[in-house]
Amino acid sequence: MSDDSALGMAFHIASDLVAGVAVGLGIGYELDRWTGCKPAFMIGFAMLGMAAGLRNVWRVVNVTDAPQNRAQENGRDQRGQRIED
């Protein structure tokens with residue numbers, strides 16, 4: 001992995017985490033404002049946003065470690081149909 005792609009992946013992971021928490025906080029804040037329960041929804045949705053951000057990071061890391069041409073390894077395409085030579 002080159003330095004540029006490693007740096008790009010690091011920014012991608014950081015932005016996924018920050019975006020998940022920010023969206024969760026935003027939704028929680030608006031629900032708290034709408035219902036009048038001050039910290040309840042904001043805390044809950046911040047935790048959900050954190051979980052969503054970590055899930056996205058997990059998917060990015062696992063896709064990166066996967067073989068590049070996995071369809072060719074088992075002789076099947078993405079839909080499971082046999083690849084003919």
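Helices here are DSSP runs of H or I with at least four residues, strands are runs of E with at least two, and both are numbered from the N terminus. This is a predicted model, in which local features need pLDDT of at least 70 and side-chain atom pairs count only at pLDDT 80 or more, while totals for chains, interfaces and linings use all residues. Residues are numbered from 1 along each chain as its sequence is written, and side-chain values use heavy atoms, with hydrogens and water left out.

The side chains of Arg33 and Glu30 form a salt bridge, at 3.3 Å from N to O; the term asks for a side-chain nitrogen of Lys or Arg within 4 Å of a carboxyl oxygen of Asp or Glu. The structure holds 1 salt bridge. Arg33 is exposed, at 54% relative accessible area, and Glu30 is partly exposed, at 40%. Buried means under 20% relative accessible area, exposed over 50%, and partly exposed in between, using a 1.4 Å probe and protein chains only.

Helix H1 also carries Asp16. Asp16 is buried yet has no salt bridge, and its nearest side chain of opposite charge, Arg59, is 7.5 Å away. For charge, Lys and Arg count as positive and Asp and Glu as negative, with His and the chain ends not counted. Beyond its neighbours within four places in sequence, Asp16 is in contact (heavy atoms within 4.5 Å) with Gly53, Asn56, Val57 and Val60.

Further along, Asp32 also has its place in helix H1. Asp32 is buried without a salt bridge, and the nearest side chain of opposite charge, Lys38, is 7.2 Å away. A polar atom of the Asp32 side chain lies 3.0 Å from the backbone nitrogen of Met42. Not counting residues up to four places away in sequence, Asp32 touches Cys37, Lys38, Pro39, Ala40, Phe41 and Met42.

Now step back to the whole chain. The protein has 3 helices and 0 strands, following the pattern α-α-α along the sequence. Of its 85 residues, 13% count as buried. Among contacts between residues at least 6 apart in sequence, 37% join residues at least 24 apart.

Finally, a word on confidence. The protein averages a pLDDT (the predictor's confidence in each residue, from 0 to 100) of 83, and 74% of the residues score at least 70. Among its elements, H1 has the highest mean pLDDT (91) and helix H3 (residues 70-74) the lowest (58). Where pLDDT is low, the predicted coordinates should not be read in detail.

Note on methods: A polar contact is a pair of N or O atoms within 3.5 Å; within protein, one must be able to donate a hydrogen and the other to accept it, and residues adjacent in sequence count only if both atoms are side-chain atoms.
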